[in-house]
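Have a look at it first, then read on.

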Amino acid sequence: MTAPMPATSPIRLHKALTRIWATGPGWQRLAAVNHSVVGIRFMVTAAVFFAIGGMLAMLIRAQLATPGSAFLGPEIYNQIFTMHGTIMMFLFAIPMLEGLALYMLPKMLGARDLAFPRLSAYGYWCYLFGGMILIGALVAGVAPQSGWFMYTPLSSDVYSPGINADVWLLGVTFVEISALTMAVELTVSILKLRAPGMTLARMPIFAWYILVTALMMVVGFPPLILGSILLEMERAFGLPFFDPERGGDPLLWQHLFWLFGHPEVYIIFLPAAGALSTMIPTFAQRPLVGYRAVVASIIVMAFLSFGIWVHHMFTTGIPHLALAFFSLGSALVAVPTAVQMFAWLATLAHGRPRWDVPMLYIFGFIAVFVCGGLTGVMLAMVPFNWQAHDSYFVVAHFHYVLVGGFVFPMLAALYYWMPHVTGRLSVHRLSVPAFWMIFAGFNVTFLTMHLTGLLGMPRRVYTYLGHEGWTGLNLLSSVGSFVLTMGFALIAADIFLQRRFAPRFRRDPWRAGTLEWATPTPPAAYGFASLPRIDVRADSLSPFDIGQQLAAGEGYLGMARNGWQETLGVDITTAEPDQIVILPRPTYLPLILALVTGVAVLSMLFKVYVLAILAAIAVAGLFVWGARSSGQPVDHGPLPIGHGLSAPPHPEAATSPPVLAMGVTLIADGAFFTSLIFGVIYLWLVAPNWPPPEVIEAGLALPLIVAAGLVAGPIAARGAAAALRGKGSVMPWLSAQAVALLTTLAALVWLIAVALPDPQTHGYAAASFALLAYVCLHLGIAGLFVISNANRLRSGHIAPRRDHDLRLTRAWQDFTALSGLIAVGFVVILPWLVTG
Amino acid sequence: MIAGSTALFALMVGLFALVIWRPHWAAQVSGRSWIIWGGLVLPALVLPPLVVVSLIAGERLMPSDAVPRIEAEARQWHWTFRYPDHGGAETEGILHLPSGQPVDIVITSLDVIHSFWVPRLAGKMDAVPGRVNVLRVMAGAPGPLEGLCAEFCGLDHTTMRFDVQVHDPEGFAAALTTPVFAPPP
Ligand code: HEM
Ligand SMILES: [Cu+2]
């Protein structure tokens, strides 16, 4: 091992770090894992999808401009509005906020990168390929056509034959996998990779917003992924989860969808609000007023948003009491929103407000979003909802919320942070007229739609007759939307000009108070040449001075060591450095992994299941292979990190990022499992055509073998960990674990194949099949852990002081045992209890 | 409701303008007071009355006592109406309603989810396969109205409309004894 290189000059440090961190030129860019690169890719790709979604909206408005238009028929129109909604929600809004968070967070938190760069890159490729599948289907004329929420039975194989609906289910799930990886990545990075001294209570407010958003994604996306998988199983293999004739229930889909779909709106809004809470203090020239109140309101909002999904289902005939409850809950969300609004107003009131282009867009946000919020409160009132639901009033409402609450803040953010990306100031020749065109065009388009809706125009109709009194309003909306589009075109031109011709600046052009402006601009691959210590709230710093000190290597880790990509990990609560996180170099692995995942998705789409299974096995193999050399093959002990402190590399630390990531993953998995259990209970209690004609005949022996096997797994995993610690022999324990896994798996397969009634016959059998398959999948993954452990034990990557693999395995085994016992209980004991 | 919303909207935009142009004036109120008054007191004043009024109004739309029933059966892409109180009379694509008399519409579907909506009569209700939903309506003066399917239901969702004819009591009985299968001229 070489001694740390003395930091002689900023230039030499810059060169040394760049050699270590930079992504290679040409084709090697495909191997990029750096958060700045991946973050920008996310945002640019999302912008392209926004343009495509916008084009589709223009087609919609062209068709509806006049009554009886023959421009688009219903086949095409239905695909277009479905794809418009799907693209805007899944391919534009979510990835855009992920990209922003990816790019910004390490810089705001004073870290050099995120915790799992390869995971970010994998997430990006999954997003890109999933999006390409959807766009490809649109071009081929086989795009989904059942609306962006894909209500069953319309989206089932009976009423939507063809691959259109499969494209949605598989393509969107592919993109969701990406969203989940991002959520894990962001949560762990915020909790672990901060500058020393930056406790949670000192984090810049944006990090709080993203932390809550990421946790919401962790629990919010699994219900949708579950719903999509169940619906795809119904479509492909005839398992009747949603078919009322065979003991399924179409409303189950709606519950699962909105369990995700309502929080989704807040998942989109919160990061935008985080950007606002970062920009407004800069322009008010003082730190945010009511930091704690804002943090509290974000958390309250997150909880409330999960409680009110049913408000999208007020017209489905649910019980009165439930209606009252959800109506109240929906109205309550106004409170945390108002708290944030007034915190922003108070910040401006107590500062010295300065007017600039981002502020103009922030004004647009306030005007438009408040309006959307107020119509939202109206819609939360049941009688009004029954009138306005599924009319153009609703279309107007959610565009006020989404465009007001996301697009305007993102445009403000664009003008605010673009100089960071390009290193050039923004000159506002086009940005001001562009704003007024967007603002006026938007309001002409959508204010009008409130009225069209109140006059009874339903949404999702491809034409109207002309005598209803909607004609003039529709024409006005269409004209407005073209003004709106021209505004966006101006912005695109403006950004292009800024990139090419605007003047350069040195550092911190807005006199902001957050750390991202302390990096070089455009950012260097390594972010910070050395890492700061933060002793005050991290939104009242002076980045200009800090930036100079850090570039001179005066902070922590201001050196190049062993060619390692180093950043600091801190204790979650005290924020004292407790490890050096050594990050992976650029690699093609994420791209290859995403390509193989894509093959799996495509072969499911075209129903080549053999290939799908092979690809899935390849994915599993690549995961194990990719993990083979993670971490360190030897112990290093504590290493100096500067300022007289030292810390061990992360494999030797108490809580390393992978350990936390496992925790977060298990929360997501738990949300998935809870949704599944919710579905099973829902079917038992509410679905028509129950009880089932025949139930499982499991006997006693098989369930007992399964239960014993499930419990044996964690015991063996603990044995392995103890043996490692006591320097005993680990291999026998791994073998025992493998035997337990295989036995359990065999017993489960037997249960499914022999004891369970044919899953195609009834919702009961289908749900039981889903539960047991869930357990099988978890056992299989536990098997991968065992293989990887054996492998890494041999290569010395697992050692008494580097035992994280075994801890991960134990956590996974515990979860598998717990969920497995519950699942088997539901399958075996519940029918016995109910049928006597 | 519209007036109240406009007032709130004006309040928010007005406050924004105020803090931008007259920050000194607005700074007299402490940060804490801004958040407490605007974030907690304001919603506390506005929301409860709104929720209570709406819940009461909502209960009125919800059937509890017995009134005449009419069945509305949806399928891609038609409506069939049956009148059990009138010897099982059945009409296609046209709904006959008595004026000034509450009626329960019993809504079902044979295939996908549809939604029963007559914009001029308050309320709409989904037709969910495997389920029976009830919506109480009361029509005003006799005359024609229009109804439509309000939940996207596939290819011809747009044209899944129906006519509504509101009759005085005698006319209502008469319309159902002479079977009318086509909309009246
Ligand atoms: C660029 C300006 C936009 C215009 C002119 C526009 C226009 C429209 C119109 C006319 C519809 C109704 C289609 C129908 O019901 O037949 C619609 C639906 C929708 N829009 Fe937009 N939109 C725009 C931007 C956005 C944005 C930025 C988002 C989200 C972030 C969005 C999300 C949606 C969704 C989710 C739907 C529902 C699709 C469905 O019914 O399945 N739109 N849009
Ligand atoms: Cu319909």
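This is a predicted model: local features need pLDDT of at least 70, side-chain atom pairs count only at pLDDT 80 or more; totals for chains, interfaces and linings use all residues.

Residues are numbered from 1 along each chain as its sequence is written, chains are lettered from A and ligands numbered from 1 in the order in which they are written, and side-chain values use heavy atoms, leaving out hydrogens and water.

**Ligand 1.** Its shell holds 26 residues, where a residue counts if one of its heavy atoms lies within 4 Å. Among the closest are A:Tyr77 and A:Trp148. Helix 13 (392–422) of chain A gives the largest share, seven residues; helices here are DSSP runs (H or I) of at least four residues.

| Side chain | Ligand 1 atom | Distance |
|---|---|---|
| A:His399 | nitrogen | 2.8 Å |
| A:Arg459 | oxygen | 2.9 Å |
| A:Arg460 | oxygen | 2.7 Å |

**The copper ion (ligand 2).** So what holds the copper ion? Its protein donors are B:His114 (ND1), B:Cys149 (SG), B:Cys153 (SG) and B:Met160 (SD), at 2.1 to 2.5 Å; donors are N, O or S atoms within 2.8 Å of the metal (3.2 Å for Na, K and Ca). The four donor atoms subtend angles of 90 to 123°, so the arrangement is tetrahedral (all angles between 85 and 135 degrees). B:His114 and B:Cys149 are both buried, meaning under 20% relative accessible area (1.4 Å probe, protein chains only).

How values were computed
A polar contact is a pair of N or O atoms within 3.5 Å; within protein, one must be able to donate a hydrogen and the other to accept it, and residues adjacent in sequence count only if both atoms are side-chain atoms. Helices (H or I, at least four residues) and strands (E, at least two) are DSSP runs, numbered from the N terminus. Four donors count as tetrahedral if all angles lie between 85 and 135 degrees; four count as square planar and six as octahedral if opposite donors are over 155 degrees apart and all others between 65 and 115; anything else is irregular. Buried means under 20% relative accessible area, exposed over 50%, partly exposed in between (1.4 Å probe, protein chains only).
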